[in-house]
Amino acid sequence: MEIAVVTGGAGFVGSHLVDRLVAEGWRVWVLDNCSTGSWQNLAHHSSEEVVRLPWDVSEPWPLEQLPSRADVVFHLASPASPVHYRRLAVETLMVNSMGTKHALDASLAWGARFVITSTSEAYGDPQITPQPESYWGHVNPVGPRSCYDESKRFAEALTAEYVRSRKLDARILRLFNCYGPRMQHEDGRVVPNFVWQALHGQPLTIYGDGQQTRSFCYVSDEVEAIWRAAVVDGLAGEVINVGNPEERTIRQFAEAVAAVAGVPLTVEWRPLPPDDPTNRCPDISKARTLLQWEPKVSLTEGLKETFKYFQRDV
Ligand SMILES: NC(=O)c1ccc[n+]([C@@H]2O[C@H](COP(=O)([O-])OP(=O)(O)OC[C@H]3O[C@@H](n4cnc5c(N)ncnc54)[C@H](O)[C@@H]3O)[C@@H](O)[C@H]2O)c1
């Protein structure tokens, strides 16, 4: 039986990845300190399927509590929303630096493949669109988002060096905005914000003039790409964008949310936060070629599933 170790497996994307690994017949060890996730996201799995290990992965790993071998290490642990990484700024820098080093060292010791979820934030406020992996980015190294952007860039650099000098079979995925069930409604990201506000009859909050663009990828599509990146051979050292190339302005996205909710769009306008990127759109040519992957779930379908999840709490 294949064995996976998943850091951050109690979080939003991580728990869906764990579901997929269990469905594929893998045994999974999850390390998570639940700083932004919850074991509740894995409550439907037995302890035979998924071993839960409460742990801060920035600290040295408790190897005696982990399996003696693993096939793949998936390193997802990191706060991901601006609200969380501002609250946990130093912790974010540590998990993407020391946490990544511990995860890479464990992968080397086990002879395991390594998959890390980096982010489109590595491109900062990009000056070209769509963004291909070859673009180096436009990042403020000391701004309020740098604890996330720059620590992810460090995580990428460290991973690339383990491939070059230590011959680790590692793959770097740059995830663009992903959404779906198990997001937290208070985490400040635009999808849960809008869905929660629409469900409560509140105006949708738009920062700036709403002309900034984003692209939204449903979580099952994103997990399919992460799975493929782990099982396809010959990808050591590859950096691959994973996201939906359908670019929308935030204003258009608000209209789509209101339409799925069946309510007229009302908006509360607020000033744009500092360093907010003006555009985000992945060039997914590499994912198409290397992973034979592209997103399948439409925004309307994905939003309906997300509404169903949030309706449980209303
Ligand atoms: N969701 C997105 O749109 C998106 C976009 C780009 C990149 N990503 C990346 O994907 C990964 C997962 O994001 P998510 O949206 O599921 O976020 P999330 O906050 O739901 O999940 C992150 C998980 O990591 C855990 N964690 C954080 N610090 C930890 C530490 N020091 N030790 C152990 N566990 C720790 C949290 O408790 C949580 O369970 C992150 O690496 C994030 O940077 C996500």
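This is a predicted model: local features need pLDDT of at least 70, side-chain atom pairs count only at pLDDT 80 or more; totals for chains, interfaces and linings use all residues.

Q: What is 2.8 Å from a polar backbone atom of Cys 178?
A: That is an oxygen atom of the ligand, a polar contact in the sense of a pair of N or O atoms within 3.5 Å. The protein covers 96% of the 820 Å² of accessible area that the ligand has on its own, by the Shrake-Rupley method with a 1.4 Å probe.

Q: How far is the polar side-chain atom of Tyr 148 from an oxygen atom of the ligand?
A: The distance is 2.6 Å, and for Gly 11 a backbone N or O atom lies 3.0 Å from a ligand oxygen.

Q: Which classes make up the shell?
A: There are 15 nonpolar residues (Ala, Val, Leu, Ile, Met, Phe, Trp, Tyr, Cys and Pro), four charged ones (Asp, Glu, Lys and Arg) and 12 polar ones (the others, Gly among them).

Q: Switching topic, is Asn 96 buried or exposed?
A: Asn 96 counts as buried because its relative accessibility is 1%, where buried means under 20% relative accessible area (1.4 Å probe, protein chains only).

Q: Which side chain does Asn 96 join in a polar contact?
A: The side chain of Ser 78, at 3.2 Å; within protein, such a contact also requires that one atom can donate a hydrogen and the other accept it, and residues adjacent in sequence count only if both atoms are side-chain atoms.

Conventions:
Residues are numbered from 1 along each chain as its sequence is written. Side-chain values use heavy atoms; hydrogens and water are left out. Buried means under 20% relative accessible area, exposed over 50%, partly exposed in between (1.4 Å probe, protein chains only).
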